[in-house]
Amino acid sequence: MSKPLKQIHLAAHFPGVNNTTVWSDPASGSHIEFSSFAHFARTAERAKFDFLFLAEGLRLREQGGQIYDLDVVGRPDTFTVLSALAAVTDHLGLTGTINSTFNEPYEVARQFAGLDHLSGGRAAWNVVTSWDAFTGENFRRGGFLPQQERYSRAKEFLATAHELFDSWRGDEILADQETGQFLSDAKAGAFVHRGQHFDIHGRFNVPRSPQGRPVIFQAGDSEEGREFAASDADAIFSRHATLDAGRAFYADVKRRLAKYGRRPDQLLILPAATFTLADTDEEARELAKAVRRQQVSGATALRHLEFVWNRDLSGYDPDGPLPDIDPDVSSRHIAEGRAQVRMYRDPLATAREWRELAAANNWSIRDLVIETGNRQNFIGSAETIARTIDEYVQNDASDGFILVPHVTPTGLDAFADKVVPLLQERGVFRTDYEGPTLRHHLGLAHPDDLDDRRAAS
C-alpha cells in the first residue's frame, strides 16, 4: 500500500540580513518602506503560504571597522513590522526572530501574546541565541554569557515565557457590565519563576491569546540545537541543501522526539531555499548564473574570503588567484560577529582545501566563493521546480520550504503565479486556508489540547 501524499508547507522569508538579497538590482525596492513588506506579505497570502518569516540582526555588521554595506542594513524592528502586517493580512502567519540572549522573558512573552491577539492567532517566534560578545556590546550585559551556556539560557527563557503565557487559562474575563465584575479569578496572570537565569514573580498583563502560545521555531543545527528543537519547538529552520543531507537531518531530528513524549508530526522540518524560475530549464540555469554573479560581486567575494584568511584582502584581484599567504590565526578576527566565521574552525585546513579546488577547476577568488557558497536552490521552469519540491517532501527530506527570493518585494510573485498552481494540481498544497490560526495552517494542536492529552495519559 502506498503512503498518502504529504501536504507541503510553504513560507516566505523577507530577506535582508545576508547577501542573498540583490539590493542593487533595478527591480529591487526599499527594505524599510512598509509598502515593500505589505506587497511581499500579500503575495504570500494570495498564494496560501503558511507564514512570512523575518530574520533579525542585533548589530550592524562590520568588517575592518566599517559597516558591511554589501548586506541590507537598517531594517525596522521585527515586532513593528509584524504588527503592521497583521492589519493588512487575514490568514498569513507572522514569524519573527527574537533573541533569547539579550532580551527578557516577560517583555518577549508580552510582545508575542500581543501580536497573537492583534493578528487573531497568527504569531510565531523563532527562538535564537547570540554566541558572540561583539553583538553583546550593544547591550548592558555584553559578553557576559559563555557560549556553552547559550542553550541553557534559551531553554529556561522559553520555559519561563510558557509559564507567563499559561498564567491565564482563557476564561477569566467576565466583563459583566451589570455587576461591574471584570475578572472571575483575581489571581489571573500570577506567576513565580525561580531558576538559574531568571528569578521573577508578578502578574502577566496579557490575557490568554488565540493560540495559547505562539508557534515556536528553532534554527540551531548543533547537537544542542537539535535537542532543543526536539524537546520544545514546533518547527525547525534547517539549512541542509541536498536530498541526501536533508533526509539524514530529517531522520535524525524526528527520531529524537520520542524521548520527549512527542510524535514525528509535532515537529516540522522547513529548510530555507532560494529559487530561480524561468520559462525553460535552460533559461533558468543561465539566469541562476547571472543572479549568483550579482549576489557575489568582486567586493563580496573578497570580504567572504576574509572570513577564513582573517586579513585585509582588499588589494587582491577578485578575478585572480587565491592568496598564497596563510590565514592569520593569531589575532582578533577581522570579521568579528559574523556567523560565517564559526563555519571555518580550522582556517589553515580550509585554505588548503580551497587552494586545491581553485587549482583543479581554474577558479578565481570570485568563482570559488560562488561555487562553495551555494545553498539549496531550485532552478528551472515552473514544472521542474514544482516537481523537485514535491520530490523532497514526499521523500522525507523536509516537510516544506521557507523560500528566500533574491529580489524584494516582487521576487515571490512569479512563484505564486506559476509554481503554486502546479503544486495544487498535484494535490499536495492547499487551495484555501482551512482555519484561522497559524497552528491550523501547520497542522499543529493547540497547547491546551496537548496538555489535556498529557494529563490523561
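Student: Which residues of H5 are buried?

Tutor: The model is predicted. Helix H5 covers residues 150–165, and 12 of its 16 residues are buried, so it is mostly covered, with buried meaning under 20% relative accessible area. The buried ones are Arg150, Tyr151, Arg153, Ala154, Glu156, Phe157, Leu158, Thr160, Ala161, His162, Leu164 and Phe165.

Student: What do the buried residues of H5 pack against?

Tutor: Both helices and strands are involved. The strands are E6 (123–128), E9 (190–194), E10 (199–203) and E11 (215–218). The helices are H3 (105–119) and H6 (223–232).

Student: Are H1 and H13 roughly parallel or antiparallel to each other?

Tutor: H1 (residues 34–46) and H13 (residues 413–425) pack with their axes 9 Å apart, at an angle of about 5°. Angles under 35 degrees count as roughly parallel. H1 and H13 are therefore roughly parallel.

Student: Which residues make that contact?

Tutor: By class, the contact has 1 nonpolar, 2 polar and 3 charged residues. H13 contributes Asp413, Ala416 and Asp417. From H1 come His39, Thr43 and Arg46.

Student: Which element gives the largest share of the largest nonpolar core?

Tutor: That core has 76 residues, and Phe49, Phe112, Trp125, Phe204 and Phe415 touch the most other members. The largest share is 7 residues, and the element that supplies it is H5.

Student: Which residues does Phe415 touch?

Tutor: Residues up to four places away in sequence are not counted here. Phe415 then touches Leu10, Phe49, Phe275, Leu277, Ile385, Ile389, Leu403 and Val420.

Conventions
Residues numbered from 1 in each chain as written. Predicted model: local features only at pLDDT ≥ 70, side-chain atom pairs only at ≥ 80, totals over all residues. Heavy atoms only, no water. Helix = DSSP H or I, 4+ residues; strand = E, 2+ residues; numbered from the N terminus. Expected span 1.5 Å × (residues − 1). Buried < 20%, exposed > 50% of the residue type's maximum accessible area, 1.4 Å probe, protein only. Contact = heavy atoms within 4.5 Å. Axes fitted to C-alpha atoms, helices over the stretch in contact; angles between N-to-C directions. Parallel < 35°, antiparallel > 145°, perpendicular 65-115°, else oblique. Nonpolar A, V, L, I, M, F, W, Y, C, P; charged D, E, K, R; others polar. Core = buried A, V, L, I, M, F, W, Y, C linked by side-chain atoms within 4.5 Å.
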